[in-house]
Amino acid sequence: MNANHHESSSPSRAPQITLRGPAELADALPFVLGFHPTDSVVLVALHGELGRFGGRVRLGIPRSPREWASTADHLAECLAEGGTRSGARPDGIVVFLCQDPAPGETGRRVMERLRPFAQRLRTACGALDIPVYEALCITDGLYFSYCCPDQRCCPPDGTPLALNGTSVMAAAAAYAGVQVRGTQRDMEARLKPRGGPRDEEQRAALDAAAASIVPRILEGPEEQGRQEVRETTLGLAREILRRFTDTRNGRGLERPGVASGLSGGAAPPSTAGPVRSVLPGRPLGSTATDDAADDALITTEEAAALVLGLQDRVTRDRAAEWMEGWEGTAALRLWRVLARRCVTPYQEHAAAPLTLAGWTAWSTGDEPTARVALGLALDADPEYVFARLLHQACNEGLDPESLRSCLRSERDARSAPDQEAPSPSRRIRMRAGRRPGTPPTLRKPGRQTGGNERRTTAGVRPGGPAKGRPGSGTPRPGGTRGSRSGR
């Protein structure tokens with residue numbers, strides 16, 4: 001598996017997996033994305049005579065059929081333009097429509113209901129001179145083909161999907177070290193408010209924090225109040241990071257492949273443990289337990305202060321420097337907690353912690369989690385520029401190390417006041433380097449995880465923090481935010 005996007009994938013070095021027919025295509029989809037999609041339309045590009053997997057786009061299926069035509073045109077253009085930018089325009093496309101049945105609805109009924117959308121996708125791709133070789137509906141543990149007329153392999157009542165772990169793709173992925181992070185719904189649940197009696201308590205804390213923090217920023221001496229809030233927010237966040245890694249809390253970082261301990265104030269060792277794989281239908285168990293334990297480590301007042309403080313762009317960018325090693329592991333847990341605390345009517349405030357979660361996951365090699373978190377950030381605020389830039393870079397398979405390097409440089413310059421500050425020209429170059437690719441192609445509100453993603457075997461980059469210093473973070477557009485939509 002080629003983990004470096006900039007290295008070539010010659011046939012002699014890259015694993016070759018031959019998929020024959022709709023059944024194996026359906027079984028391969030979770031390994032292409034890194035998770036089991038739900039309520040999604042996915043387009044995967046094919047290249048060359050052998051139909052090698054290339055870029056892919058994913059978007060939530062629009063609820064209104066009136067939006068299907070425009071969505072189909074948009075997705076087809078996305079995939080075609082992404083391939084053109086990378087120098088490999090698709091030679092064909094495979095379409096997947098994934099949706100669970102509504103109560104009382106059968107899998108076949110779902111397939112028939114989505115048939116006009118599938119046809120519109122085929123027409124949109126054909127208008128760009130890119131044929132759709134297969135269009136599948138995956139629902140209720142079955143797959144249906146919109147293209148295959150042979151009822152011996154594609155009966156009208158659907159064909160059961162292979163059992164988890166038994167397909168040729170599952171075997172090849174296990175050999176290559178590729179993991180499936182569970183279902184999209186399960187991954188999103190870890191980043192959304194849970195609901196329940198504590199929501200009212202958290203809402204009251206957010207109201208009180210807003211009444212306290214906003215006047216300090218707006219009514220105090222110029223920049224003084226903002227700077228005080230910034231330092232207070234970062235100081236509290238640092239305290240909680242060490243609270244997560246303190247072995248006295250009984251948990252620390254004791255997860256598969258992750259070392260534990262913070263002794264004598266020293267930073268815990270750098271870790272590279274991947275996120276555990278969760279299969280559909282298997283209870284989350286310890287994952288839900290871990291999240292509940294993390295929630296218990298942060299009070300409602302602390303969470304409210306952090307959520308409000310992170311609305312400042314500079315504060316958010318500096319917090320993004322915790323992106324690798326023990327800091328990255330603890331920070332991802334913190335951002336998840338804060339995203340879960342953004343209860344009604346503070347849903348839009350979740351864009352900041354969700355974007356930080358997406359960046360930290362991407363930086364540590366967990367691209368599926370990064371795409372889900374960044375997609376939710378764009379759900380919360382479709383105009384959140386930081387999330388859009390990161391989302392585009394992640395989906396285009398760029399290496400996050402260039403962004404980490406910029407953040408390390410700025411952090412080191414800030415911690416060495418006696419050294420000469422970076423020149424304005426250098427800062428301009430660094431910021432330009434943080435905006436990879438062209439403007440994001442998936443700009444519609446709603447769940448988005450499109451763009452040019454890598455081929456199946458490179459869908460999940462082998463994880464682990466960069467060697468060396470245990471701190472770093474997200475790309476920094478820089479400056480102070482004037483409004484929420486301007487970030």
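**Cysteines, an open sheet and an enclosed helix**

At 9% relative accessibility, Cys154 counts as buried. In this predicted model, the sulfur of Cys154 has its closest cysteine sulfur in Cys148, at 3.6 Å, which is too far for a bond, since a disulfide requires the two sulfur atoms to lie within 2.5 Å. By this rule the count of disulfides comes to zero. Another cysteine, Cys125, is also buried, with a relative accessible area of 1%.

Turning to the strands, six of them form an open sheet with mixed pairing, in the order β2-β1-β3-β4-β5-β6. The edges are taken by β2 (52–60) and β6 (159–160), each of which has a single partner strand, so that one side of each is left without a neighbour in the sheet. Strand β1, residues 40–47, pairs with β2 in the antiparallel sense over seven bridges, and Leu43 has Val57 in β2 as its bridge partner. Helix α2, residues 68–85, packs on the sheet, where it touches β1, β2 and β3, and its direction makes about 145° with that of β2. Helix α1 lies across β1, β2, β3 (92–98), β4 (132–139) and β5 (142–145), and runs at about 75° to β4.

Helix α1 (21–33) is also among the elements against which the buried residues of α13 pack, together with α5 (184–189), α11 (325–340), α12 (351–363) and α14 (385–395). Twelve of the 14 residues of α13 are buried, and this helix is therefore largely enclosed by the rest of the structure; the buried residues include Glu367, Arg371 and Leu378. At 1.5 Å a residue, α13 (residues 367–380) should span 20 Å, and this agrees with the 20 Å between its end C-alpha atoms.

Conventions. Residues numbered from 1 in each chain as written. Predicted model: local features only at pLDDT ≥ 70, side-chain atom pairs only at ≥ 80, totals over all residues. Heavy atoms only, no water. Helix = DSSP H or I, 4+ residues; strand = E, 2+ residues; numbered from the N terminus. Expected span 1.5 Å × (residues − 1). Buried < 20%, exposed > 50% of the residue type's maximum accessible area, 1.4 Å probe, protein only. Contact = heavy atoms within 4.5 Å. Pairing = 2+ DSSP bridges. Axes fitted to C-alpha atoms, helices over the stretch in contact; angles between N-to-C directions.
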